[in-house]
Amino acid sequence: MPARAWRICQTYSDAEVCDRVGGYCAIHLGCSGRAHDRRPYFRIPSMTGTETLADLPPIRARRILQLALKCWPFIRPMFKHLLLLLGSAALVSLALLALGLLGTDLFNNKILVGDKLQPLQAQLLFVDESFVLGDIADNVNEREVLTESQRKTVRTRAMIWAAGLLVVFAPLVGGLVYYNIWIWQMINQNLRVAMIAKAEHLSLKYHSQSRVGDAIFRIYQDSATITSLVQETFVGPAAALYNIVLALAFLCFFEPRIALAAVFAMVPMILAAAWATRLLRERALANRVAFSNLTSRLQEIMIALRVVKANKGEGRVLRRFDKDSHRALDAAFSLRMTIAVLEVAVTSIAALVTIGAEYVIVYWVLGERETFLGAAAVTVIGFAVWNLGAFEDARERLGGALFGATGLVGAWARLQDLFIGLERAFYLLDLEADIVDPDNPAPFPEPLESVTWQNVHFAYDSAQPVLRRVDLVARSGTITAIVGGSGAGKSTLVSLLLRLYDPDRGRVLINRTDLRRLRVDDIREGVAIALQRNVLFAGTVADNIGYAARRPKRADIEAAARVASADGFIRELANGYDTELGERGGKLSSGQRQRLSLARAIVRNTPILILDEPTAALDAETELEVMRNLRGWARNKVVFLITHRISTIRNADQIVFLEQGRPVEVGDHESLLLADGRYRSFVDAAVGETAGV
Ligand SMILES: Nc1ncnc2c1ncn2[C@@H]1O[C@H](COP(=O)(O)OP(=O)(O)O)[C@@H](O)[C@H]1O
Ligand SMILES: [Mg+2]
């Protein structure tokens, strides 16, 4: 688990983190009836799974350069390797080019046609003088040829050479391919880690407005486009261009009109690519959005599995998934289809031109027509007149030029998707984190005197204020009970104290220091929270209590368990504190689990302790016992307690009655009863309930 997520888990249990980070998930489904069950969580438009091209900057040359520059910090650590790779690849391809030239000549002119060898070829094949072309001046009229047996010798030795080269070059080329993959995976790794770090730094407010699946998809799929950045943007097109130019040059020696035909054929190809560009971009984006929605759906289903099962929602969930999955398939299909149609179109153009050229060349071969440069061409292309070899060679060159262009068009299509992916990856990276450490952080105030909310306003969504004008002081050594109906803003109020969110207006102070002047880590080091939805892990009881503390001693763990009234039942377990608790603590009752998570918060021994309904599953007697223990334990601490139980609330030093995000009444039990207001009605209602009226 990344360090910061771990630290958040220490303060908010991980269920709460995925609850809040997930925004919309099982846990919300699980608390049905609350206002936010039904609210839309998809508000930031481009993070919502509905982004369109208009949300992205247009892909122009400048933008491509910009994106490439943005990639640089992730590429830089691997730059040495890239240079080494490039150098080795250049050497290998030069060697292959030279061997290719020698080999083509050997095969076409010597083995097939029977011409005599160049001296270098004879040396390499270890054959004697009789294989070598004599002085041309001596026998102008007679063409020297190899005998049948000489041709066989040349063929055999050439094949031995080919086999030998294969043994040498195959692993070399394979190694380079592997090296290339490794380098780019490392670069992708750098980018992914940066994106995770960013996701962790973005406040939970941000995360509650976007779907987790979207971030996941951006981090592990969109980011992966960086692996083909250089290949697709620079290397691939450069190599294709080089091949095209080379092929065209050779064609000119054969016959410039064929080269010209190839160039003309490229015009409609380019037009087709230009025409398809916008469509490609739209579909590439739709494809990525559809799959990121699918990832979100998957993530939501997996988290919600228990709730879904409990509510027999499998059929509905399956249908929804099926729909999303189909959408993703359709999007993927229509992108592939566009690319395929484009490729078929340009390939057809290439094929047509090739066939036309072949048709013409056959006539030239039959007429033994001289090639364009004639005798002068022999040194470059090896053919003075059109013959079978020339036909083969010219056709290959023409294919090189035309299919090079086809390849370029394909690369262009893939580039559109690649840059859409990069845009989406960098969108996440470019977001400004809104919860950040200050430049010159103040130390965490010691000793703790008070916690203050000063005129605090807060909303998850600006249209719907959650906290309004909250003024509240809690002093050291006191227990403050926060009371109010569901959705009143109790949890939100205390989460500001953890700086999970910043207030929109006003300040939260520890002593006289604004939370925003403290390091986020220090705050979370100083505040412990226990929640109703607690999560236990596979491990022993002691591990579970101590996991959020720093190197807890067994004595501390046991002391915390005693405060949480958990010591008794733990000792009755088979192995006491060393009892293994299966997955998610399934072996314990919910009241026992709650007491463990209470102990987990207490063992951290932080100056501020928040109990957000962690005692709901305890019976009244145990809760009262826990409260008595806490009072003794919390002498110089500030404790916040969110609960509905009057017997507990009445013992608090201060009661805050929250209504629609406003603390409408503040005081102790007696004085609030005397005031005869909201709190009084709340108490009367609760007492009436327990009395069975
Ligand atoms: N992560 C969130 N994103 C958006 N709205 C939220 C989120 N959490 C809570 N809310 C909304 O804020 C209001 C207060 O919620 P909360 O603080 O959990 O209330 P309480 O703890 O008193 O039940 C509710 O209307 C709820 O819908
Ligand atoms: Mg709550």
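Residues are numbered from 1 along each chain as its sequence is written, while chains are lettered from A and ligands numbered from 1 in the order in which they are written. Because the model is predicted, local features need pLDDT of at least 70 and side-chain atom pairs count only at pLDDT 80 or more, whereas totals for chains, interfaces and linings use all residues; side-chain values use heavy atoms, with hydrogens and water left out.

Strand 9 (residues 654-659) and strand 10 (residues 662-667) run antiparallel and are joined by 5 bridges; strands are DSSP runs of E with at least two residues, helices are runs of H or I with at least four, and both are numbered from the N terminus. Two strands count as paired if DSSP finds at least two bridges between them. Within this pair, isoleucine 655 sits opposite glycine 667 of strand 10. The hairpin leaves 2 residues between its strands, and glutamine 660 in the turn has a positive phi of about 45°.

Attention now turns to charged side chains. The structure holds 31 salt bridges, each defined as a side-chain nitrogen of Lys or Arg within 4 Å of a carboxyl oxygen of Asp or Glu. Arginine 678 is partly exposed at 44% relative accessible area, and glutamate 659 is partly exposed at 28%; here buried means under 20%, exposed over 50%, and partly exposed in between (1.4 Å probe, protein chains only).

Other salt bridges lie within a helix. In helix 12 (residues 314-366), aspartate 324 and arginine 327 are 3 residues apart, about one turn, and their closest N and O atoms are 3.6 Å apart. Aspartate 324 is buried, with 9% relative accessible area, whereas arginine 327 is partly exposed at 49%. In helix 19 (residues 567-572), aspartate 567 and arginine 571 are 4 residues apart, about one helical turn, and their side chains meet in a salt bridge of 3.2 Å, N to O. Aspartate 567 is buried at 13%, while arginine 571 is partly exposed at 46%.
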